[in-house]
Amino acid sequence: MFRHSKVFITKLKNLSLQGSWRSRGSSAVERALQYTAGQKLHGFTVKEVTAVPDLFLTAVKLSHDATGAQYLHAARDDSNNLFSVQFRTTPMDSTGVPHILEHTVLCGSQRFPCRDPFFKMLNRSLSTFMNAFTASDYTMYPFSTQNAKDFQNLLSVYLDAVFFPCLRELDFWQEGWRLEHETPTDPSSRLVFKGVVFNEMKGVFSDNERLYAQHLQNKLLPDHTYAVVSGGEPLAIPDLTWEQLKHFHATHYHPSNARFFTYGDLPLEQHLQQIEEEALSKFERTEPNTAVPPQTHWDKPRVDHVTCRPDALAPDPIKQNTLCMSYLLGDITDTFEAFILSLLSSLMISGPNSPFYKALIEPEIGSDFSSSVGFDGSTRQASFTIGLQVLTGTGFEEEQIEALLHKIEIQMKHQSTSFGLALASVSKRTLVFYIFENVSRFRQCLKENPRYLQDKIQHYFKDNAHRLTLTMSPDERFLEKQAEAEEQKLQQKIQNLSDADHKDIYEKGLQLLAAQSTTQDASCLPALKVSDIEPIIPYTPVQPGTAGGVPVQYCEQPTNGMVYFRAMCNLNSLPEDLKIYVPLFCSVITKLGCGELDYRQQAQRIELKTGGMSVSPQIIPDTADLDLYEQGIILSSSCLERNLPDMFQLWSDIFNSPRFDDEQRLRVLVMMSAQELSNGISYSGHMYAMTRAARTLTPTADLQEAFSGMDQVKFMKRIAEMTDLTSVLRKLPRIKRHLLNPENMRCAVNATPQKMSEAAGEVERFIGNIAANRKERKPVRPTVVERALDPQAGSSASRKLISEPHFKPCQMKTYFQLPFNVNFVSECVRAVPFTHTDYASLCILARMMTAKFLHGEIREKGGAYGGGARMGGGGLFSFYSYRDPNSTQTLSAFRGGVEWARAGKFTQQDIDEAKLSVFSAVDAPVAPSDKGLGRFLNGITDEMKQRYRERLFAVTDKNLIDVAGRYLGVGQQTCGVAILGPENESIRKDPSWVVK
């Protein structure tokens, strides 16, 4: 997977994530403290042992004696153990060699020569994460799992893949690029470029933001590896040869150029022994020439310009220009300086109180910040990018700085399940490890010099000549020019071919097709057994209660001094004409000001007293009936225990006295929201395709399309184009009366046992404060079904669901023509709800069909970046493809998958692997903040989960053949189809398609 530097930006919002910490005696932490510097362990020498009590971990730094490989182990009482190996990869051209190599090493190795062991292990393991990333100057291979045996299995596969890959020429053609006949079996069909990475990068650069960020980095750091596209520039990819790929592996994938990282509660010595025996003992030290020299500083600023495709869905067609100034900053190895620059970046651009927000967004100079904006610590020398306004030297208010430091404190307290993964990146890890030390050092600097931050601004921005001003504007002929350039490149390649070459290409195409069509023997790969899966789920105790007549669920968890609050409010009484406005209402209600606070003061208060407050639409399908659903909004917030009263006061003010009087502020928020939606399509096109394909199949899916599908994107574009928003502003108080009504509300609180009674008291006070908003309103839809939230608990709490007994599912095919050069394809089928006996079989079928049939057809043969099938909680069975060069051919692959399953062309091993894969998702770790959430929102109790679990274990081959025929067979199913993609002549002429 190509990970552009910007994805790795260490913006403070994702600076740190606490792991699934459990106070069960710090065994792993204490064990690691026993190691001493100089100690020899399985070919490694311990260099340093550091206790990091703020993060509940011990860090052990080691070095491998023979090869010099670096190793860091973070011992922590977290069962979600992680491994990663990282190589410095510094290409000097844009052929995408590190990215294509990342794909190709995962296609088979000496011990595991079967094709694609990486994808096969997804189904032979209970991993909680498996992936590989190519960044600008490194390639990383991480995985995590909660099972010790699984950890050893995955470690064997990963070590063999990176150090001893097969690197077969066929794999290079499949994953990188190849010349092949459009129809491989027809030598008279035209020759075209194919390849997974080739198509992936065409998809990546159809996203204008990614294109801009890439140009920005290339032009700001032009002297070395950052001047090229590590993921591959589509027109340069066909210049890469198989020989060059093998050479790059030999020079870069060596232990002397590697950094290992392990995290969790498994013993370190076991990891070291396995890594030494299976890999490192076979190597000797080399001197890798992969270091990145510092960029030479410019003596005067530079200006440049690039073009992109026009965005038909942009909220303001005239405002499609991007303009940024980017400054080269200090070296990221100075962790304190990197921390200060990261902090400074947030102060300058985060939220409505920041100077750049005031200077650029509010005067409507731009509709939103470019995604490139802010601090980027992913290259050797960091950079900061912002729109074109000169910084003043007035400094920052003390409260702004305190709000930011409070944000850091919250992030260090919050416990996510992927803390290990957050530490896997070296730059992030360094920032996190020293965070508390850096905060206190910063406070000291500020005390000694009140102008400390202004001095930094003077040094890094005002006096900095290494500044690039880069503009980007749309070019109507951009895609046309790209296609012409690709055609020219293709013709160049073809002109140099002899008759023998033509014959060779045809034969190699057949050879590849034959290899892709051959059933692989994967018996060489290690695998867990279904019997390794825990038969019974751990029970999550919750206490039902009430506060002022509102049902509340209390869940006691080790939340590390945090309190998490949620409230669900249904929208049953909301008039139909206001429904489409609900997502807009949700996105602005916490940002317009409330009570005595204007929107700037409100934003400051939220930062200073909470971990964030959000409102979002929520459509929850019933677990037993596809035509029954709950519609509403969910309020979410968190805070440190000491700030509980302040958090609820903010919610009370939002309920009692939100401000709906500032049209200018609403316009700014509307433009940002519309821009965000428009930008998201090229990245999440498969989600939009699935949402649209499903819309005519269930009432839930129909509402989902209105709230989060292409309908919502187009609606927000219309709102953004309105010259006067008074009519929209007037609708907000009407919506508020229906939605923020305690009569239609239920709440949930997750906190430590010690704080729960205090939290309950605050909820009680909050409900009392908002009682004036309570009003019984008549539901708009006539049929409302009341369901007890937890029948066994005997509490009176219930959910009011909407029933649409007369809903008629119908078939529909929709094509959205968009300025992309790849497709996103989906087909959805109406199936069964969660508690139906066939639901488990359909889940296993989707997973098995993806791994054993669709992956081969859509990715390996078709060249798409991804594709598969999934069974959703809303009772829909969905097929999808992602960044796909094909459109209707992929629909045929979906049908082929159904026929494959109906014919029973799978083995017991295939079923067992699909079960492992499904269970790895079902048993994914849940953070203390989210425990009990399924019960609160969907009414899914532990007993229901256990019944579903037993059904999954019980699925047989007969069940799978049966459900494939009964729900997915032609004529059996009601299905919807949607494609997002470039102009398609044959679809436009086909009357069965609705073209948008």
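Modeller: Helices here are DSSP runs of H or I with at least four residues, and strands are E runs of at least two. The model is predicted.

Biologist: How many helices and strands are in the protein chain?
Modeller: Both kinds of element occur in the protein chain. The count of helices is 34. The count of strands is 30.

Biologist: Why is the protein chain as compact as a globular protein of that length?
Modeller: The globule rule gives 30 Å for 996 residues. The radius of gyration is close to that value, so the chain is as compact as a globular protein of that length; the radius is 28 Å.

Biologist: What share of the residues of the protein chain counts as buried?
Modeller: Buried means under 20% relative accessible area. Of the 996 residues, the share that counts as buried is 60%.

Biologist: Why is helix α2 largely enclosed by the rest of the structure?
Modeller: Helix α2 covers residues 97–105.

Biologist: How far apart are the centres of the positive and negative side chains?
Modeller: The protein chain has 107 positive side chains and 114 negative ones. The centres of the two sets are separated by 3 Å.

Biologist: Which residues does UniProt list for "coiled-coil region", and how far apart do the end C-alpha atoms lie?
Modeller: The unreviewed UniProt entry lists residues 476–503. In the model this span is 82% helix and 0% strand. Its end C-alpha atoms lie apart by 39 Å.

Conventions
Residues are numbered from 1 along each chain as its sequence is written. This is a predicted model: local features need pLDDT of at least 70, side-chain atom pairs count only at pLDDT 80 or more; totals for chains, interfaces and linings use all residues. Side-chain values use heavy atoms; hydrogens and water are left out. The radius of gyration is taken over C-alpha atoms; the globule rule is 2.2 Å times the number of residues to the power 0.38. Buried means under 20% relative accessible area, exposed over 50%, partly exposed in between (1.4 Å probe, protein chains only). Lys and Arg count as positive and Asp and Glu as negative; His and the chain ends are not counted. The place of a charge is taken as NZ of Lys, CZ of Arg, CG of Asp or CD of Glu. UniProt positions are given in the numbering used here, feature names are shortened, and annotations may be inferred rather than shown by experiment.
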